Amino acid sequence: MKRSLDANKSSVRESLAKTKLSLNDFANLISPAAGEMLETISVRSQKLTQQRFGKVIRLFAPLYVSNECINNCSYCGFSRDNAIFRVTLSIEEVLREAWELKQQGFRNILLVAGEHPKFVSNNYLRDCVAALHAEIPSVSLEVGPMETDEYRPVVAAGADGLVVYQETYDRAIYDAMHTAGPKKNFDWRLETAERAYAAGFRRLGIGALFGLADWRYEAICVAAHADFLLRHCWKAQLTISLPRLRPCAGEFQPLTHLADRELVQLVCAFRLMFPDAGLVLSTREPARLRDGLIPLGITLISAGSHTEPGGYTGAGREKIHHTERGRIVELASGASEWAATNGHATNATGQFEIADDRSPGEVAELIRKLGYEPVWKDWDAALTR
């Protein structure tokens with residue numbers, strides 16, 4: 001990180017002149033000096049993205065199947081000790097949510113769940129994927145880490161992608177943020193993408209959650225991790241996500257700050273460092289910023305997202321229960337756990353608040369206005385038969 005802070009414009013220009021960048025060059029591109037050259041870097045990033053990906057933006061939707069969790073993570077709305085409304089969807093309810101997303105146009109879905117073996121077993125995930133595979137060509141997972149042999153049945157059922165964020169690469173902060181549960185094991189989580197690759201996943205997604213450790217430190221660690229995976233898991237496609245902390249249950253406040261302009265610089269630096277990696281942008285970011293980032297290096301975005309199970313149709317709302325410190329508790333007489341509030345389809349608690357609440361159709365129209373083509377279908381299973 002010191003190299004990044006000490007870089008000058010001359011070293012930034014030297015890095016920009018290269019066709020293949022090293023980690024030292026990446027450090028130069030996220031430096032304060034490079035921040036003063038953002039327009040030049042942005043133009044280079046936009047041109048390179050169009051060369052490698054064309055004028056195409058792929059769309060996906062997260063489908064939360066459970067917010068049960070045995071981990072205590074200070075920054076997460078699903079944290080075990082948070083007093084929230086929880087539910088795990090049945091296979092039929094997952095299908096109902098997926099069908100709604102399909103009606104909206106999505107053919108690329110990310111199944112998301114908290115980590116709780118009682119509710120979210122590998123058999124449950126396998127059955128979810130198998131049920132969805134006939135309807136949805138591309139199904140990925142963002143769930144608690146598993147062993148390679150536990151992943152294999154899920155891959156065989158039709159899952160093609162695995163996303164796992166390290167959250168923070170700073171071991172001291174990681175230890176402080178994860179106070180209970182299997183997620184406390186830093187190395188086990190760090191090695192997840194390699195186990196997923198060995199199980200046959202053809203797409204791997206990584207990232208850090210910005211707002212915990214210094215953003216430049218996190219970025220360099222993500223870049224080093226991505227570089228390792230590209231060399232050792234070279235048959236898989238790699239995506240990198242750059243999420244920033246959002247408000248959630250528990251009211252955790254970010255420890256550090258990544259400004260909008262710095263996020264733009266980060267996207268461009270990752271594009272120049274990894275020309276063929278997919279860069280992901282979620283509805284954590286506000287509409288105006290997302291619109292501006294789309295041409296600069298982003299290749300995959302979510303739209304119309306809900307971060308609560310049943311958020312698209314209200315599926316499972318009659319089974320919602322209230323927990324405090326991992327225990328189900330009864331509410332006051334007359335209280336309704338399952339009644340939808342504030343126009344939401346369900347009262348289940350979301351993982352975090354989204355910032356861009358535009359519909360998928362509105363986002364797709366914006367993409368067209370920018371001169372790009374929105375693509376809803378990322379993969380077809382027929383291609384692998």
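This is a predicted model: local features need pLDDT of at least 70, side-chain atom pairs count only at pLDDT 80 or more; totals for chains, interfaces and linings use all residues.
Colleague: Which ring does the charged end of Arg284 sit over?
Modeller: Arg284 has its charged end over the ring of Phe352, 3.8 Å from the centre. The test is CZ of Arg or NZ of Lys within 6 Å of the ring centre and within 35 degrees of the ring normal.

Colleague: At what angle do helix 8 and helix 11 pack?
Modeller: About 50°, with the axes 8 Å apart; helix 8 is residues 148-157 and helix 11 is residues 192-199. Axes are lines fitted to C-alpha atoms, for helices over the stretch in contact, and angles run from 0 to 180 degrees between N-to-C directions. The two helices are therefore oblique to each other. The cut-offs: under 35 degrees is roughly parallel, over 145 roughly antiparallel, 65 to 115 roughly perpendicular, the rest oblique.

Colleague: And is that crossing left-handed or right-handed?
Modeller: The crossing of helix 8 and helix 11 is right-handed. That label means the near helix is turned clockwise from the far one by less than a right angle; anticlockwise is left-handed.

Colleague: How do helix 5 and helix 13 cross?
Modeller: At roughly 45°, with the axes of helix 5 (residues 38-53) and helix 13 (residues 260-273) coming within 9 Å. That makes helix 5 oblique to helix 13. Their crossing is left-handed.

Colleague: Gln265 is in helix 13. Buried or exposed?
Modeller: Gln265 is buried, at 4% relative accessibility. Buried is under 20% relative accessible area, exposed over 50%, partly exposed in between (1.4 Å probe, protein chains only).

Colleague: What does Gln265 touch?
Modeller: Leaving aside neighbours within four places in sequence, its contacts are Leu29, Ile30, Ser31, Ala34, Gly35, Leu38 and Trp215. Ser4 also has contacts with Ile30 and Ser31, plus Ala27, Pro32 and Arg216, not counting residues up to four places away. Ser4 is in helix 1, residues 2-6. Its relative accessible area is 0%, so Ser4 is buried.

Colleague: New topic. How many aromatic pairs are there in the whole structure?
Modeller: Six. One of them is Tyr64 with Phe78, edge-to-face at 5.9 Å centre to centre and 85° between the planes. Rings of Phe, Tyr and Trp (its six-membered ring) pair with centres within 6.5 Å; planes under 30 degrees apart are stacked, over 60 edge-to-face, the rest tilted.

Colleague: Which parts does the Tyr64 and Phe78 pair tie together?
Modeller: Tyr64 lies in strand 1 (residues 56-66) and Phe78 in the loop between strand 2 (72-73) and strand 3 (84-86), so the pair ties together parts 14 residues apart in sequence. Tyr64 is buried at 5%, and Phe78 is buried at 2%.

Colleague: Which residues form an aromatic cluster?
Modeller: Phe26, Phe270 and Phe274 form one.

Terms used: Residues are numbered from 1 along each chain as its sequence is written. Side-chain values use heavy atoms; hydrogens and water are left out. Helices (H or I, at least four residues) and strands (E, at least two) are DSSP runs, numbered from the N terminus. Contact means heavy atoms within 4.5 Å.
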